[in-house]
Amino acid sequence: ECSPENRPSAKQILNSRLMPRKMELEQKYLDEVLQTLSNPQSDTSYQQILSKIFKRPTPTHVLTTYDNDVALKANNAREIAAHVLKTTLDNIKGSHWGSHSMNYTSPMSSCAVSGAITSLRRAEHVGVVTGGGKEGEAMRGAPQQVATITAMTSATAAAVSGADGILGPDPRVVDYVCSKLSTIFQSHGAVHLPSPLLKPRDALDLIATLNEPAQVLNSRGSALVLKSDLTVNFARSISRGGAATNNIKRYELGKCFLESDAGGHPKEILEASFDIVQDASLVNQPFLEAEAVLVLCRVIKVLAPVEGKSFNLPPIVLRSPLWFLRLSHSRLSDAILDLLFVPNSDTIRESIRNIFTTCTACPPIELNNQQRHSGKYKRKAREIKANLLEFLDRQLSIHDNLPKNVVERIRLFVSHGSLPYPMTASKALDVILKSASKVMSLGGDESKELSKNCFQEVKRSISQLKQLLKAMEALGVVPAIQNDKVAEDENISSPAYISIDLGLRQKRKHMSGGVFFQAFLLQDDFFEGKEKHEVTNGKHAYGGKGSRIAEGGRYDDLVRQFRPPGNFGSVQLEQYTAASVPFCMGVRFFVGRMVERIYKDAYIDASQQLSKRHGRSFLDGVRRSIGHPFLETPIQCIITGENGFDLATCGERASVASLLHKAGIPCEYLRNSLCYTMSLLENFMSESKTSHEWSVDMICGIAAVLNIPFVVIVQPHLLNKKSSVKLRQTTIEHGTGPLFNYNGNEEIVALNSLSSLVLERLSAVNDVSDVAMDDTTNDSSAQPTQSHNGNFDIECVYVDNDQYFDDSNRINTSQWKRVKKIMNKTSQKMMDHLGNALCDSTTPVIAVDLPFRVVRELGSSLIFDGLESLISHDITTKYPSHKKTLRTLLYACDSISRRTGSGGRLTFFLYSTIDDEYDLVRMSCR
């Protein structure tokens, strides 16, 4: 301020916010404030302090850095990320499409760049699929462009949602998994019922674990916890609902929140939950527990590859996905620890449970031992047991505070029987019971009664587990090692085996007091190089190549802890009402890890394309080589201009898209990074390049790889003058897979018939896909009838533009091979469509390269007006581009009628090779 009289006084400056406050506060004042905060009874001053806290402005650095942890870590290596991104682009032959200007001032966040890098690394095999002839030449550059498109999708997802399992998963893949889970849950009678977001913090939330729950403070000073899983808050609602919530089947798909490592936004984990709550007095509890395991088996079946894989480990056969079940009973392990006189210390008991897991629980690598000869296996088993006992002695010697008699009882319990426990769960339970009986015989007079009670609890818990195993078998859930008498069920994925694990326990003890299990998913290459996985020195790790995909168990005790002492909201406050605690069983699924497994399988499939080309189309091999799980097609049509997604035709494209949208046809007319219509390179192209440089042919090639069947080309003059657009179909269905329709002609279609035509074509494509699926699943019943010389009995005539071909009308050798292939394929398709019972071998098939809508109209004309209708003025005017084909078709029909001599009537199938559809024609002929 220039004027001294307008300047603030020293007192005004001291009282303003311009001067920082004292950094140090006198201890007595600080103690008073802390005491006030810790005592909720100090209402007045307590609320005043909290009010000031909530009115405190958010610092600028918090507004700037409050982000997910992945972004914070990525920001530390920005220059490295830019260099790696350029390298990964070059690795997928990025130089093919021109220059890309890579610099350290990336136009997107570092988290997004990291997501793009992850996607591009999965696409490193995109160049391994070569060949394809003219089809491959026409698609030149399209696979690499698709790799950058999926990278852009991952970048967008990573920038918004961060990492859950993998960084930047495709939202469509996540939606696919969630949709499958919802369908499975609903088929078991469950209804989507979300649990509350917040609950008051309690003692269980204060247990120190690796992943702490995210906590918040409301304006009244209550410490609240965001749901760290989907079970706890639901259990609290069940407990406080009383009899109103005693009989429920529900599921939930939602995010859980964990404390951020950097103090920023909480980690978000997508989970699914399936819960059964029933009045305990009205149900057979083992069957409800078995149903939860059945749901788990059905969910894991979702991860099964399209092409089933089997692994022969005599005498058992395993099928992908490989997984095993860890099963325990918390009361069984507690009773055994009491029987062994282990001190009631959480630290000591957790240590002993870890010893139980290492020494007794059967690891998955033991599946390899099933194929060894009995003598050799017995020697190996003795070696393994000796190593595990040595490990046990070392661990027990570390615990100096354990009494000597406790050490003796632990060693006696563990050493009795085989180590590790048998892979058959019922046999493992028998070993545990015998070991407990052996320990029981050591009890003195002073501990006899205690040991007797503990042993009874052991027997009771083992009985419950055996009842569960019988109920699982009744529901069709049988481990693979016991499946020699049970036929394989295509609807579930049974575990390879069930491992009884006495050390298995949830850290926070949410699922406690009964059965508890975890499902571990193994990679398909788990048994490769099996010798290096052998158990040595008693050390092994569950799923070194796998991950925990789900866990479940009983949580009746958790519901009991939340049970309020009052009367559940009754209006009669002077009376106390009570409700029994219901049976509660739940399963948690970690959706992010399921998505991660799908991506891993896609990457492994991409790396094996060179060795798996046999029996697949070139386009199918290219699609798989990208390493991206194309599970569902997001759209059915791309609407573009002659110059791609340019600004000049944006309005026209939007008007055409609106027609398709109204008809319920998914389509896109804009660059959309989540809808496969935007490349990562658009953010890194040099200034000489434009962001809409894709040609129409390139867009069609990209659409073919992405399984988008149609491309609409909008030309302003054609749209304005004739109200028409051009339509191109990108793929053709074939027995070996889809083919790129690189010779596909662009049809001029009126706007008023565009929607109906696209819907008709989509229906035809779906019908062909359904037939192909039926042929795959019913291979034995779908074989066409063949004659003794191996040729199809049905006669086929192929009509080209200026000549028709049959067995008596051959041409030069090279072209005849192509024609003969089309004729054989047509005969095969007709036999597959109609079946042997409906298809008369004397009825010829005429195959033409015309769209089915044209074929249908030609068939009607032939039925009502005869052969001359093919060259009538109405037909030739309506289809001027097909004049030659129509005249050749006339000659072919005339030749067949003369040769067959069918008494004035000619019956044949008119088959469209473009749409794989046929029409039955019966007409009179002279």
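The following legends describe close-up views of a predicted model.

**View 1. The largest nonpolar core and its central contacts.** The largest nonpolar core of the model comprises 91 residues. Within this core, the residues with the most contacts are F185, I352, F413 and F589. The greatest contribution to the core comes from helix α12, spanning residues 285–301, which supplies 10 residues. A further core lies apart from this one and holds 47 residues, including I149, M678, V696 and L706. In soluble globular proteins, nonpolar side chains tend to be buried together.

**View 2. The surroundings of F185.** Neighbours up to four places away in sequence being set aside, F185 touches A190, Y251, A272, S273, F274, V295, V299 and F589. Both F185 and F589 are listed among the residues with the most contacts inside the largest nonpolar core.

**View 3. D601 in helix α20.** Residue D601 belongs to helix α20, which runs over residues 591–607. The relative accessibility of D601 is 18%, and buried means under 20%, so D601 counts as buried. Beyond its neighbours within four places in sequence, D601 makes contact with L303 and Q523.

**View 4. Helices α13 and α14.** Two packed helices are described by the angle between their axes and the distance between the axes. For helix α13 (residues 330–339) and helix α14 (residues 346–360), the axes come within 11 Å and cross at roughly 110 degrees. Angles of 65 to 115 degrees count as roughly perpendicular, and α13 and α14 are therefore described as roughly perpendicular to each other. The contact joins D334, I336, L337 and D338 of α13 to R349, I352, R353 and F356 of α14. By class, four nonpolar and four charged residues take part in this contact, with no polar residues. I352 of α14 is also one of the residues with the most contacts inside the largest nonpolar core.

**View 5. The pairing of β18 with β19.** Strands of a sheet pair through backbone hydrogen bonds, either parallel or antiparallel. Strand β18 (residues 710–714) pairs with strand β19 (residues 724–729) in the antiparallel sense, over four bridges. V712 has L727 of β19 as its bridge partner.

Note on methods:
Residues numbered from 1 in each chain as written. Predicted model: local features only at pLDDT ≥ 70, side-chain atom pairs only at ≥ 80, totals over all residues. Heavy atoms only, no water. Core = buried A, V, L, I, M, F, W, Y, C linked by side-chain atoms within 4.5 Å. Buried < 20%, exposed > 50% of the residue type's maximum accessible area, 1.4 Å probe, protein only. Helix = DSSP H or I, 4+ residues; strand = E, 2+ residues; numbered from the N terminus. Contact = heavy atoms within 4.5 Å. Pairing = 2+ DSSP bridges. Axes fitted to C-alpha atoms, helices over the stretch in contact; angles between N-to-C directions. Parallel < 35°, antiparallel > 145°, perpendicular 65-115°, else oblique. Nonpolar A, V, L, I, M, F, W, Y, C, P; charged D, E, K, R; others polar.
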